[in-house]
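Hi,

Here is the structure I promised to pass on. Have a look at it first, and my notes follow below.

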Amino acid sequence: MSEIRLYVSVTEKVANDILELMTNFFGEEDYAIATTEIDEKNDVWEASIYLMADEEAEVHERLREMLAEDFSSLEIEREVIPDIDWIAKSLEGLTPVRAGRFLVHGSHDRDKVQVNDLAIEIDAGQAFGTGHHGTTAGCLEMIADVTRAERPRNALDLGTGSGVLAIAVRRLLPIPVLATDIDPIAVRVAKENARRNGIVSGIEFRVAPGFHSTAFGKYGPFDLIIANILARPLMKMAPQLVANLSGGGSVILSGILASQRWKVIAAYNSAGLKHVRTIWRNGWVTIHLRG
Ligand SMILES: C[S@@+](CC[C@H](N)C(=O)[O-])C[C@H]1O[C@@H](n2cnc3c(N)ncnc32)[C@H](O)[C@@H]1O
């Protein structure tokens, strides 16, 4: 289903007033709300709310009511947000990518691997995760830092895609990893990639939407959970994700636009986690939280 942005074009001051109004009005619900500068010279800003297509009529009506008192002359505009084509995104660049100590490269670039690199070989294919996207690179960097500091005894990679993050954990620590994805093709590709990277045991792969699989009970709770999905599903699954986390365990979340980060952090704070650190890469953030 498409995502819709409803917005009004205003000055910076009015955008901030409307942002506050929207935060009070829609604050308890999981809509992303943001202001964006459009034209610095002419002081044009947009105040926006993001929602799913089937919510549009209701949210539009509520927005109109919210604006009625002080901003009744403003026109509410709409934009259909194009679905993110994750595979096309992951094919954007095919040169090796460095993230922390990791070098993620295609098979054609094996000769670029240097002695101290933690090399992961992933050819661009039918699953997301060649390392080129800011979310994957952010997760790789965060995984290196968190595993060094905390020495988790097991890990979950939810939304494994190409398997790159599960492979990264196994490159660093000899711990059991559960890697799941809603997409059976991704799981097949991830298994092949693990084998290609010399990992024949230690990663269990499962097809599972969210936490709907007995595998989570069998292999969890987890000291480390990594989920690079998208802000909305991440916020929705916060209680289940935390229920599968060991006491004091760490969570690495990505797939989150910088403007969405506070909502995601708030959802996980409500589920009992504390924010530790955020990494920014190309407009995307990777967030570390701890129980
Ligand atoms: C952005 S990709 C991340 C791939 C890889 N982990 C990385 O960091 O490059 C998101 C992956 O999550 C999977 N996914 C999306 N929603 C999911 C859900 N509810 N449960 C499990 N997997 C999901 C997608 O199929 C996709 O492979």
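Which of the 24 residues around the ligand come nearest? They are Gly129, Thr136, Gly159, Gly161 and Asn228, where a residue counts as near a molecule if its C-beta atom, placed from the backbone, lies within 6 Å of it.

Before the rest, a word on how to read this. The model is predicted, so local features need pLDDT of at least 70 and side-chain atom pairs count only at pLDDT 80 or more, while totals for chains, interfaces and linings use all residues. Residues are numbered from 1 along each chain as its sequence is written.

Back to the ligand. By class, its shell has 12 nonpolar, 10 polar and 2 charged residues (Ala, Val, Leu, Ile, Met, Phe, Trp, Tyr, Cys and Pro are nonpolar, Asp, Glu, Lys and Arg charged, and the others, Gly among them, polar). At least two residues of the shell come from each of α4 (134-150), α5 and β9, and α4 gives the most, with 3 residues. Helices (H or I, at least four residues) and strands (E, at least two) are DSSP runs, numbered from the N terminus.

Now for the helices. In α5, 8 of the 9 residues are buried, so the helix is largely enclosed by the rest of the structure. Buried means 20 or more other C-beta atoms within 10 Å of a residue's own, exposed means 12 or fewer, and partly exposed is in between, with C-beta atoms placed from the backbone. Among the buried residues of α5 are Val164, Ile167 and Arg170.

Helix α6 (residues 184-196) buries Ala186, Val187, Val189, Ala190, Asn193 and Ala194. Seen down the helix axis, these buried residues fall within an arc of 165°, so they line one face of α6; the arc is that of the directions from the axis to the C-beta atoms. Pro184 and Arg195 are exposed on the other side. The cover over the buried residues of α6 includes α5 (164-172), β9 (177-181) and β10 (203-207). After α6 comes Gly198, whose phi is positive, near 80°.

One loop residue may interest you too. Phe211 sits between β10 and α7 (215-219) and is partly exposed, with 18 other C-beta atoms within 10 Å. Leaving out residues up to four places away in sequence, Phe211 touches Phe216, Met237, Gln240 and Asn244 (contact means C-beta atoms, placed from the backbone, within 7 Å).

Best wishes

Definitions and conventions
Contact = placed C-beta atoms within 7 Å.
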